[in-house]
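Student: Can you walk me through this one? I would like to start with the fold and then move to the interface.

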Amino acid sequence: MVTDTDLVRHLSEAQVSVELQTEEMTLNIGPQHPSTHGVLRLVARVSGERCFDVKPVIGYMHRGYEKLSEVRTYPQITALINRIDWVSGYANEIPFIVAAEKLMDVEVPERAQYIRVILTEMARVSSHLVFMASYPLELGAATPLFFALRDRERVLDLIEGVTGGRFHPNFNRIGGVKPNAGSGPTTKKTPQDLPAGFLGETNDAMNVVLDTCEEIEDLVAGNEIFRARTKGIGVLPAEVGAAFGVSGPNLRASGVKFDLRKVEDYLPYDKFDFDVVVGENGDCWDRWWVRLEEIRESVKIIQQAIDGIPPSGPLQAKVPKVIKVPKGETYVRAENPKGEMGYYIVSDGGPGPYRLKIRSASFSNISMLSWILEGVLVPDIIAIMGSLDFVLGDVDR
Amino acid sequence: MTSSPSDTEATVHPLQEFADSAAETVGGEAEIQFDTIKLRVSADKWVDALTTARDDLDLVFFSWLSAIDWANDVEAGDPLKEEIEERIELLCTVSDLTEGRRVTFSTDLPTKKPSVDSIVEVYVGANWHERETAEMFGITFEGHPDPGPLYLPESFLGNPLKKSFPLLSREVKPWPGSVDVEAMPEKPSTENPEA
C-alpha cells in the first residue's frame, strides 16, 4: 500500500526530474522551410522556449551576378538583375539603368519617366501584397492570402500587358523603355507604347487594391491573436537598424522618416504628392502596418501619374545602336519595396562594366537576424523573420 | 541633373561644399563623379576615417562595402584600355538619414596579400559585407569577429571576383553575345556563322 510519505516522495522526485530535464539543444531551421522565403538556414541554440546565438547560413542561392556582369553588355545585364528580387523584378532594373544613363548623360523623355514611375510603384504594390498575404498566413491567418493574391495577380497581369513578363519584365532600355512588340525599324507598324486602355484599367485596379487594403485591415488589424503575436515583438531600435544597414519599410517602422524617393532624383518623384509612412515602436506590428500604408501611398502616386502622364511623346532618347558607356564610376540607389537597392558601376568605356557592385536590400536587412533573434521565443522566430519581408534572391544575388 | 568631371570644373557642383568639408574633417581627398562623392583615404586611416564619418559627419547609415580589383591581365571580361597600377580598391558607402547625403570611402590596398583593419566595431553592418569581400577578393580584415566564408563553401579555392579568376562557363564555350557588340559586317554574309 502506498503511504502518504511515499506519495510525497514520488511527487517531489517527479518535480525534481522535470526541472532537471531542461537541456540545451541545437535547432536547425531550413534551408527548406516555408517561413524562410527561399533557402535560408538558421542554426540556433535553444534553451527551453528561448533561442540564443542564432546563426543565419546563406549562400544556397548565390548566383554570382557581379562576376557574370563583368562578361556581359549593359543591355544584357538588365535580364540578370530582374532575378535579384523576383517579387518586384521591375523595380530592380531602375537604379541600374539610371546609373548607366547618368554615365552616358542621357536625358530620358518625360513619358518614359512616367511609365517607369507607374510600373515601379505597381511593383511595390505587388511586392507588399505578397507580404500582406504571407505574413498573416505564417501567424495562422489564411484568409488575407486570398484577398491579397487575387489583387496582386491583377496588378501582375497589367504589368505583363505592358512588358510581356509577370516577374521578369526586362522592360527598361538605356534612354527609356522598350517600345512594344510589332514596332521597330524593320516593320511598318506604328510604334505603340502602352496597350490600349492600360491607364484606365490600372486606375480601376488601384481602386480595387484600396478596397482590399480596407478588407485586410478589417480582417487582420483587429485580430486579437495577430496583435498579440506582433505587438512588442522583435523591436528594432532605429540606431541599431541604421548601423546594420537595414533600410526601407523595416527602418521606417522604427520611426526613421527617410525615403530615397524623397532625397534622390532617380525618378521624378518630386512631381507627386505622397507621405513617408513611419512607425513608432519598430516592432513586427509596425513593420506590417507601414507596408499596408505604403500600398495606399503607392496607389496615390500611380493615380497621380496616370492623371499627369503626357498623352503622347517619345519613349526613347536617342542612343547609339551599340551601347558604350563612357569611362567613370557612379553609385545610384533607389527605394525598392525591400529597401535601398543600388548599383555601383565602374565603366572603362566598353560595352560592359569593368565592375558592378550590387547593393541589395534584403542582404543587409537580414544581416541583423543574429541580433534581433537573441533570446526570443521559438515561435517568435517565424513572426520576426516574416515581418522583415526578405527574398533570398535579394540576399544571395 | 547629371554631371561629368568636366562640368564640375566649370560650374560648382551642389555637393562640392559638403565634399570639401567632409574631406577636411576626415583627412582625405574628395572627388565628385556623376553625383557620387568619393573620398580617398590611406589604408592606415581607414577605421579612423569611418569613425569620423559616423560621429562628426552624421553618416550613420551603413550602405555597403566592397572592392574593385584593378588588374592589367584579366581572365574574364574586357581588359582595361590603358595600363594602370595594379591594386585592390576598397570601397565603403555610408549615408545620413535626413538629407540623403552619401560618401563612398575609398582606399588602395596592394594586390598581393591585401589587408586592412575591420570596421565592424564602427558599423556593425559591415560584418557580412567584409566576409563577402574577404572571400571574393582575398582581403584580410584584421580584427573581424567572425571571419570565414559567407556565400562560398568551405572547400572553395580562389577568389571569384578577382580578375585573375576565370569564368569556367566562358572557358568551355564563348558567349555568343559577344557577336552582338561587334561592328556590323559591311555586306550580309550568306554563310551560316557558327552553325
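**Chain B, then the interface**

Tutor: Reading chain B from its N terminus, the elements run α-α-β-β-α-β-β-β-β-α-β-α. Helices (H or I, at least four residues) and strands (E, at least two) are DSSP runs, numbered from the N terminus. This is a predicted model: local features need pLDDT of at least 70, side-chain atom pairs count only at pLDDT 80 or more, and totals for chains, interfaces and linings use all residues. Residues are numbered from 1 along each chain as its sequence is written, with chains lettered from A and ligands numbered from 1 in the order in which they are written.

Student: How many helices and strands in chain B?

Tutor: Chain B has 5 helices and 7 strands.

Student: Now the interface. How many residues of chain A are in contact with chain B?

Tutor: 46 residues of chain A contact 41 residues of chain B, a contact being two C-beta atoms, placed from the backbone, within 7 Å. Elements that each supply at least two residues to the chain A side include helix 4 (89-104), strand 6 (328-336), strand 7 (339-347) and strand 8 (355-359).

Student: What order do those strands take in the sheet?

Tutor: The order is 6-7-8 in chain A, an open sheet of 3 strands with antiparallel pairing; strands pair if DSSP finds at least two bridges between them. Strand 6 and strand 8 of chain A each have a single partner strand, so one side of each lacks a neighbour in the sheet.

Student: How many bridges join strand 7 to strand 8 of chain A?

Tutor: There are 5. A:Val346 stands opposite A:Arg355 in strand 8 of chain A.
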